[in-house]
Amino acid sequence: MSQSISSSTKAEEVVSVDVSQAKTLLQSGHQYLDVRTQDEFRRGHCEAAKIVNIPYMLNTPQGRVKNQEFLEQVSSLLNPADDILVGCQSGARSLKATTELVAAVSGYKKVRNVGGGYLAWVDHSFPINKEEEEPSAN
């Protein structure tokens, strides 16, 4: 009988929370890891006491490519024992980033994906911060 899944490649379970749960968790001290590009982050991000921006994908002349230093950059700023919420624009990049963090050798065990991301956060009219003003339409 062959065993198809070895313990070293077992996919860890990624937990997703909606933005309402995320807002509550942020108020109780969770860290927020925004994995969008720096430009997206500057245009607006969730209001959180502890928020860091480490892009999962980088814009290059050839298009978007995965940030090869993502895990290293996260490890330099966040502890694997921390409660961390991972968010992006709509929830796709953050799901990949969360999966990678959970599977990492350092083992981020208290990481959750924010389903719906920043767009859902804005849809709920939750507080946001902007670092650059968008050009006015008038």
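## The β7–β8 pairing

Strand β7, residues 84–87, runs parallel to strand β8, residues 111–114, and the two are joined over three bridges; strands count as paired if DSSP finds at least two bridges between them. Within this pair, Ile 84 stands opposite Val 111 of β8. Strands are DSSP runs of E with at least two residues and helices runs of H or I with at least four, numbered from the N terminus.

Helix α4 (residues 92–103) packs on the sheet, where it touches β1, β2 (31–34), β7 and β8, a contact being heavy atoms within 4.5 Å. The direction of α4 makes about 170° with that of β8, with axes fitted to C-alpha atoms, for helices over the stretch in contact, and angles running from 0 to 180 degrees between N-to-C directions.

## Basis and confidence

This is a predicted model, in which local features need pLDDT of at least 70 and side-chain atom pairs 80 or more, while totals for chains, interfaces and linings use all residues. Residues are numbered from 1 along each chain as its sequence is written, and side-chain values use heavy atoms, leaving out hydrogens and water.

The average pLDDT (the predictor's confidence in each residue, from 0 to 100) is 88 for the chain, with 86% of the residues scoring at least 70. Over residues 1–10, however, the pLDDT is below 50. Where pLDDT is low, the predicted coordinates should not be read in detail.

## The sheet and the chain

The open sheet has five strands in the order β1-β8-β7-β2-β4, with parallel pairing. Its edge strands, β1 (15–17) and β4 (51–53), each pair on one side only. The chain comprises five helices and nine strands.
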